[in-house]
Amino acid sequence: MNTAPRHQTVRLGFLWRAAGAPIGCVLALAMGVVLADSGDAGRMGAVPALLLSSAAVLGVALPVPYGFWLRADDHGLTLVRAFVPRRYRWRDIQGLTMDAGQDADSGAHRLVLLLRLTPAPRRTARGARDAHLNGPVLGILGTTRDGLPRGTEPRRLAELFDLLRRHGVPLDDRRYADLVLTAHGYPALAHTAPGASPSARPAARPDAA
């Protein structure tokens with residue numbers, strides 16, 4: 001009997017910790033301009049004005065990680081980014097693209113996780129070559145030069161990989177995924193039969209819901 005929960009949620013905040021910082025900085029800059037124009041900055045003093053701007057950055061940045069999560073159910077996935085939900089049916093999900101490379105600006109090695117969707121029927125021949133990039137980005141991870149985990153990645157990443165593979169979603173980089181899964185006590189991808197039905201898959205870990 002299948003004991004896996006009908007709904008399983010994985011929080012992706014660890015992938016988006018810095019997502020709120022740019023917004024917070026813009027807000028702090030705007031606040032600084034308003035304070036300077038109104039003369040309040042002079043009356044408050046430099047230190048209180050700086051503390052107020054810093055509070056604006058933190059006030060926006062800190063809640064952001066809680067607004068990124070992925071929920072699976074019988075019909076598909078709900079991806080919430082910055083508290084905005086998007087729904088994807090299982091039949092439209094082709095896999096998880098795990099694109100390893102270097103950041104163009106910093107040169108840092110990274111892995112981009114992208115939910116690969118079925119290309120739209122009107123996609124042109126040129127666009128078809130980029131079909132593997134059709135879908136929402138789940139997050140970006142730093143890697144070693146060889147495209148491997150830099151250490152023990154967060155448990156939530158293993159939960160994400162486990163959630164997807166339980167629903168038959170192929171993970172492109174099996175080597176990377178296996179290192180993350182086994183580091184947190186999950187079986188490697190080889191133990192998941194390709195195309196297995198949800199009822200044939202092992203029960204979800206109690207602490208992964």
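**Notebook: salt bridges**

I looked up arginine 165 and found a salt bridge to aspartate 162, with the closest N and O atoms 2.9 Å apart. I count a salt bridge when a side-chain nitrogen of Lys or Arg is within 4 Å of a carboxyl oxygen of Asp or Glu. Side chains of opposite charge can pair when their charged atoms come close.

The model is predicted, and I took local features only at pLDDT of at least 70 and side-chain atom pairs only at pLDDT 80 or more, while totals for chains, interfaces and linings use all residues. Residues are numbered from 1 along each chain as its sequence is written, and side-chain values use heavy atoms, with hydrogens and water left out.

I placed arginine 165 and aspartate 162 in helix H5, three residues apart, or about one turn of the helix. Helices (H or I, at least four residues) and strands (E, at least two) are DSSP runs, numbered from the N terminus. Both arginine 165 and aspartate 162 are buried. Buried means under 20% relative accessible area, exposed over 50%, and partly exposed in between (1.4 Å probe, protein chains only).

Next I checked arginine 116, which forms a salt bridge with aspartate 172 (3.1 Å, N to O). Arginine 116 is in strand S6 (residues 109-117) and aspartate 172 is in the loop between helix H5 (155-166) and helix H6 (174-183), so this pair ties together parts 56 residues apart in sequence. Arginine 116 is buried at 15% relative accessible area, whereas aspartate 172 is partly exposed at 41%.

I also noted a network of salt bridges linking Arg155, Arg156 and Glu159. By this rule I count eight salt bridges.
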